[in-house]
Amino acid sequence: MITFRRHGPWPLLAPLAMALFLAACAPDPVPKPRSYFRIDLPEQAYQQWPGDAFRAEVPTYGRMGPVRTEGRSRWYDLRFPGQRATLHLTYSRIDGDLHDMIEDAHTFKGKHEEMAARVDRDRVLRPDAHVYGTVFNVEGDVASPLVFYLTDSTDHFLYGSLYFHARPNADSLAPVTDRIRADVRHMIATLEWTAATP
């Protein structure tokens, strides 16, 4: 006579219990610090841009867009596709309204100051080329970290502002912002007014 013994569910549950026991002995998870993607910056090199209102040396990794003209003003876009940034430039002929143009530049810069941690001002004085103005380095999570205006005080006025096509985050954009600031300073240092008028 053959008899069967019931062993209950334990033979089936033993491997599952052992697996849970081993999983529970794993070390506690440790959160990793926040980090940013590595940014590879292009080589620092320049090329002459022969503009019709002004000319200057611009970075080779930048692309000057088409010129738009209306009245006394011209608009240029120096695009940095690899950095997702654009330097918007507005050139105007002065017609007795230099004071108003400078005030407009300060007012526009003031809109960015509301969110700024700090704003540094650097004067531009290049009497040999008749180039004068102010560069504003705006620190913090702002829409435009670099704003400037240049003039010869009699005929020419150039306003520029840098924008990134991304949410403002000063920490993650710092390497790119610093590079573009240096390259814009080089552009300003080599800028010359031309005789052409809009």
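Which residue meets Arg-79 in a salt bridge through its side chain? The points below take up this pair after a few remarks on the model as a whole.

1. The model is predicted, so that local features are reported only at pLDDT of at least 70 and side-chain atom pairs only at pLDDT 80 or more, whereas totals for chains, interfaces and linings use all residues. Residues are numbered from 1 along each chain as its sequence is written, and side-chain values rest on heavy atoms, with hydrogens and water left out.

2. The protein contains 3 helices and 11 strands, where helices (H or I, at least four residues) and strands (E, at least two) are DSSP runs numbered from the N terminus. Read from the N terminus, the order of these elements is α-β-β-β-β-β-β-α-β-β-β-β-α-β.

3. Of the 198 residues, 37% count as buried; buried stands for under 20% relative accessible area, exposed for over 50%, and partly exposed for values in between (1.4 Å probe, protein chains only). Among contacts (heavy atoms within 4.5 Å) between residues at least 6 apart in sequence, 52% join residues at least 24 apart.

4. Strand S1 (residues 46-49) pairs with S2 in the antiparallel sense over 4 bridges, pairing being assigned if DSSP finds at least two bridges between two strands. The two strands form a hairpin with 4 residues between them, and Gln-48 has Glu-57 as its bridge partner in S2.

5. The structure holds 8 salt bridges, a salt bridge being a side-chain nitrogen of Lys or Arg within 4 Å of a carboxyl oxygen of Asp or Glu. To return to the opening question, the side chain of Arg-79 meets that of Asp-77 in a salt bridge, at 3.3 Å from N to O. Asp-77 is buried, with a relative accessible area of 11%, whereas Arg-79, at 39%, counts as partly exposed.

6. Another of these salt bridges joins the side chains of Glu-192 and Arg-55, at 3.1 Å from N to O. Because Glu-192 belongs to strand S11 (residues 192-193) and Arg-55 to strand S2 (residues 54-59), the pair ties together parts that are 137 residues apart in sequence. Glu-192 is partly exposed at 35% relative accessibility, and Arg-55 is likewise partly exposed, with a relative accessible area of 34%.

7. In helix H3 (residues 170-190), Arg-181 and Asp-178 lie 3 residues apart, about one turn of the helix, and they form a salt bridge in which the closest N and O atoms are 3.7 Å apart. Arg-181 is buried at 10% relative accessible area, while Asp-178 is partly exposed at 45%. Both residues also belong, together with Glu-139, to a network of salt bridges.

8. Arg-74, in strand S5 (residues 73-80), is buried, with a relative accessible area of 10%. A polar contact of 2.4 Å joins its side chain to that of Asp-52; such a contact is a pair of N or O atoms within 3.5 Å, of which, within protein, one must be able to donate a hydrogen and the other to accept it, and residues adjacent in sequence count only if both atoms are side-chain atoms.
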